[in-house]
Amino acid sequence: MPHDPHAIRRLIAKEVVSTMGPVRGMGRLWVGLLMAIVAWGGVAYAYQLSRGLIVTSMRDYVSWGLYMANFVFFIGISHAGTLISAILRVTHAEWRRPITRMAEAITVFALIVGASMVLIDMGRLDRVWHVFRYGRLQSPILWDVCSIATYMTGSVLYLYVAMIPDLALMSELAGQGRFGPRRARLYRVLSLGFQATPTQVRRLDLALATMAVIIIPVAVSVHTVVSWIFGMTLRPGWHSTIFGPYFVVGAIFSGTAAIIVAMAIFRKVSHLEKYITFLHFRRLGTLLLALTVIYTYFTLSEYLTAWYGGISAEKRLIDLLMGGGGYTIAFWTMAIGGLFLPAVLLAVPGRRTLPLIVTASALALVGAWVKRYLIMVPTMQTPFIPAEAAGRVVVYFPSWVEWSITAGATSFFVLLYVAFSKVFPILSITEIAEPLEAAQESDAAAQSAPALETAEGISP
Amino acid sequence: MFLKTGGLIAGGAAAAGIVNKVVRAACREGPKLAGGPAFTTLTVNGTSCCGQEGPAPAGAQETVPVLTADGKLVHVARDQIVHGVGRPPSDPVVRRGVPGRKWVMVIDLATCDGCGTCTRACSKMHFIPPDREWIPVMKMQDAPETAPYFFPKPCFHCDNPPCTKVCPVDATFKRQDGIVLIDNERCIGCRFCMAACPYSTRHFNWGHPDAAGEPPEAHANAYSPENGHPRRVGTVEKCDFCPDMAEQGMLPACASSCPFGVIYYGDENEDAVTNGLGVTVRLSKLLEERAAYRYMEELGTQPRVYYLPPKNRKFPGPKLVGKGEHAGPAGAPAASPTNNQASPPAGEHIHPS
């Protein structure tokens, strides 16, 4: 019997392909709903483009609001991919293998939505080219443009390059009539003639190992400069040296929560229980626990110093945020529901069940979003010279346009994700198969040691 | 050597009587100053009018004594002196500024009664929609036990401006003559400068300017960053220090309109500033004798606007709540509708008992 070294990956590929069928039943309803929300968000954006940002609740004092909070949030969860694929790859955490694709896809789609948020927030979208024509490198916005563009390019490449072997498998399955002619062509073209020859495999491994190392500092830079948009101003609550690392930790924290939620949904909807196991939830849950603690620590350091020092401008912010002002309930709900409770749920041994881990992650994710909002708005509401001195009252609550665009963007993110999982294998087949196949090889080699000389293992 | 005609020209909002007084004051004060280059260069019978003048006041044919660049005192018909037309954004001087000048402002808090005339004159001259003010008069109280006072707040045109630092496209820029301007044909509307300004000086055109209430006259001339109109949706604006006026030897509308001469304006290089009453004083002496300060010096922004402390005030300060209720700048409790400094009715002065 001729030995097929890639039998395992072919087997897995067939199973994954079975999840790529058309959306049916309740799934259609969901997709329909998401598309409707995206369309509604599009209508709201068209309205905003025609009337100007006056249709938002932003005004001269709170001149950045929900859109910028969303921007920070989505760029934050984009760190899921880097964490899982790059950091865990570099540290040889083998359990990462089934979920790398899922995480990298979050990165790419979250970056798309996050970057769009800045464009949506712009007063003059028609002048976005000015950034390239007149760009000033001294402006943190240019730092963001450079670093996010680099991250986007790197992430797309990373997602794609790691997927090439799987695309070759898809192409092979297409040859067996699994897909229509258009899909077959797509996979054939994208797989770039990959045939898993030893040279190809070696080159691919080298490329991925290199990119994994490169993408980590890029990801760190992205969220650092996102924080510097705020940190470089003189505003109370923003002008803080801790902001870079604070945002980076917050990003990885929310990214990890996002990947756990995504894993839970895919596991359930696409019946991937065999590949995404409790082990993954437990390991990532432990990681999330650590990140929750670190993030809580940063939050404490940030606010305790401001509160204890009590500089008047900062004190006004602290009062507004947590000392009885308008955001007190939101802040403490975030602190308890989004940091403390997830930590408790994730920490108690023996109680770490899958639903609890997922619940903790969902709470952390929502809490992270609320935190972004609380970083943005209360600081804008407490300028050095209170607006009240000019006889103006500053209030901000996002308008229906802002909520609609936010809902549309979030739905678009989910839709992109669903569409991706229907066109491309959401599990990284080759990565899962590699260690299994290697084990099989060594078993086979052990059983027929003399046959080793025939180099059967690398037969074409 | 100052001769301030700005008080006349910009004073579309000012009553004719006040204007006359200013003329006389200017003539009286001007020649007394020794040294310093001539300040005034006039555009007489200018080829175009920028539309910043109000309707011609009664007695428009009266003559005005003005000092020419070569130091001669001449009389010209007042309606022949025109407000300068700002340069187009493409003109290199717009970004470079007027060579040799360092425009500066001094605001005397001791004589400000919070009437808001400066705010209205500025709004009128720059066709500012009613939802914003380039020079609001804030009500401040530094501590519960200290006296409240009025605080006109223009753009400070900082020498280390946090706003121009962060602009991604160089749409807002610092000129050699000290002025910070905005090119609304380049601004992309990211509002980073607004977040960066610690003084909340900047305003955004959230909607279309005509919908916001910009009068049609704002469109009379082509856009210039030197006077800020016509406005454009999705761009930032703020107090521009009236560079077009200054260049012609005229005071900004806020300074020329102030009936109490609170706002002084001039050239730091000449070491002289002039107020709306035509009083010209030596800048260094004024700053020294009156213990001038710059607002929030500790931020390191180095404002070009100085304040004279509200010592021995000529007018009562704003009416504020009882002591101990709040500290810091006069806050919310004072902002009752009846005492709303943001937009008091024309001519109404607030004189709290």
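Does B:Ala291 count as buried or exposed, and how many C-beta neighbours does it have inside 10 Å? Hold that thought. We will get there at the end of the talk. One caution before we start: this is a predicted model.

Let's begin with chain A. It is helical: 16 helices and 0 strands. The chain has 460 residues, and 47% of them are buried. What about its overall dimensions? The C-alpha trace spans about 90 × 50 × 45 Å along its principal axes. The radius of gyration is 24 Å. A compact globule with 460 residues would come out near 23 Å, so the value for chain A agrees.

Now the contacts inside chain A. Take those with a separation of 6 or more. Residues 24 or more positions apart account for 81% of them.

Two helix pairs show how chain A packs. Start with helix 13, residues 328–347, and helix 14, residues 354–381, both of chain A. Their axes come within 8 Å and cross at roughly 150°. How are these two helices of chain A oriented? An angle over 145 degrees counts as roughly antiparallel, and that makes helix 13 of chain A roughly antiparallel to helix 14 of chain A. The crossing of helix 13 and helix 14 of chain A is left-handed.

Who makes the contact? From helix 13 of chain A, the residues include A:Phe331, A:Met334, A:Gly337, A:Gly338 and A:Leu341. From helix 14 of chain A, they include A:Leu356, A:Ala360, A:Leu363, A:Gly367 and A:Lys371. By class, the contact of helix 13 with helix 14 of chain A has 17 nonpolar, 4 polar and 1 charged residues.

Second pair. Helix 2, residues 26–51, packs with helix 15, residues 400–423, again both of chain A. The angle is about 140°, and the axes are 7 Å apart. Helix 2 and helix 15 of chain A are therefore oblique to each other. This crossing of helix 2 and helix 15 of chain A is left-handed too.

On the helix 2 side of chain A, look for A:Val31, A:Trp40, A:Gly41, A:Gly42 and A:Tyr45, among others. On the helix 15 side of chain A, the residues include A:Val401, A:Ser404, A:Gly408, A:Phe412 and A:Val418. The contact of helix 2 with helix 15 of chain A has 17 nonpolar and 6 polar residues, with no charged ones.

One residue of chain A deserves a stop. A:Tyr246 is found in helix 10, residues 243–269, of chain A. It is buried, with 23 other C-beta atoms within 10 Å. What does A:Tyr246 contact, leaving aside neighbours within four places in sequence? The answer is A:Ser227, A:Phe298 and A:Glu302. There is also a distance to note. A:Tyr246 and A:Thr296 are 50 residues apart along the chain, and their C-alpha atoms are separated by 9.9 Å.

On to chain B. It has 10 helices and 13 strands. Of its 353 residues, 54% count as buried. Among contacts in chain B between residues at least 6 apart in sequence, 69% join residues at least 24 apart.

Where do the chains meet? 44 residues of chain B are in contact with 39 residues of chain A. On the chain B side, strand 4 (137–140), helix 5 (162–166), helix 6 (192–196) and strand 8 (203–204) each supply at least two residues. The largest share comes from helix 6 of chain B, with 4 residues. The side of chain B that touches chain A divides into 27 nonpolar, 11 polar and 6 charged residues.

Most residues other than glycine have a negative phi, and most peptide bonds are trans. Here are the exceptions I picked. A cis peptide bond joins B:His229 and B:Pro230, with omega about 0°. B:Pro230 is found in the loop between helix 7 (209–212) and strand 9 (236–237) of chain B.

Then two residues with positive phi. B:Met296 has phi near 55° and is not a glycine. B:Met296 sits in the loop between helix 10 and strand 13 of chain B. It is partly exposed, with 16 other C-beta atoms within 10 Å.

And B:Ala291, as promised. Its phi is positive, about 55°, although it is not a glycine. B:Ala291 lies in the loop between helix 10 (283–289) and strand 13 (305–308) of chain B. With 10 C-beta neighbours inside 10 Å, B:Ala291 counts as exposed.

Conventions. Residues are numbered from 1 along each chain as its sequence is written. Chains are lettered from A and ligands numbered from 1 in the order in which they are written. This is a predicted model: local features need pLDDT of at least 70, side-chain atom pairs count only at pLDDT 80 or more; totals for chains, interfaces and linings use all residues. The radius of gyration is taken over C-alpha atoms; the globule rule is 2.2 Å times the number of residues to the power 0.38. A residue is buried if 20 or more other C-beta atoms lie within 10 Å of its own, exposed if 12 or fewer, and partly exposed in between; C-beta atoms are placed from the backbone. Two residues are in contact if their C-beta atoms, placed from the backbone, lie within 7 Å. Ala, Val, Leu, Ile, Met, Phe, Trp, Tyr, Cys and Pro count as nonpolar, Asp, Glu, Lys and Arg as charged, and the others, Gly among them, as polar. Axes are lines fitted to C-alpha atoms, for helices over the stretch in contact, and angles run from 0 to 180 degrees between N-to-C directions. Angles under 35 degrees count as roughly parallel, over 145 as roughly antiparallel, 65 to 115 as roughly perpendicular and the rest as oblique. A crossing is left-handed if the near helix is turned anticlockwise from the far one by less than a right angle, and right-handed if clockwise.
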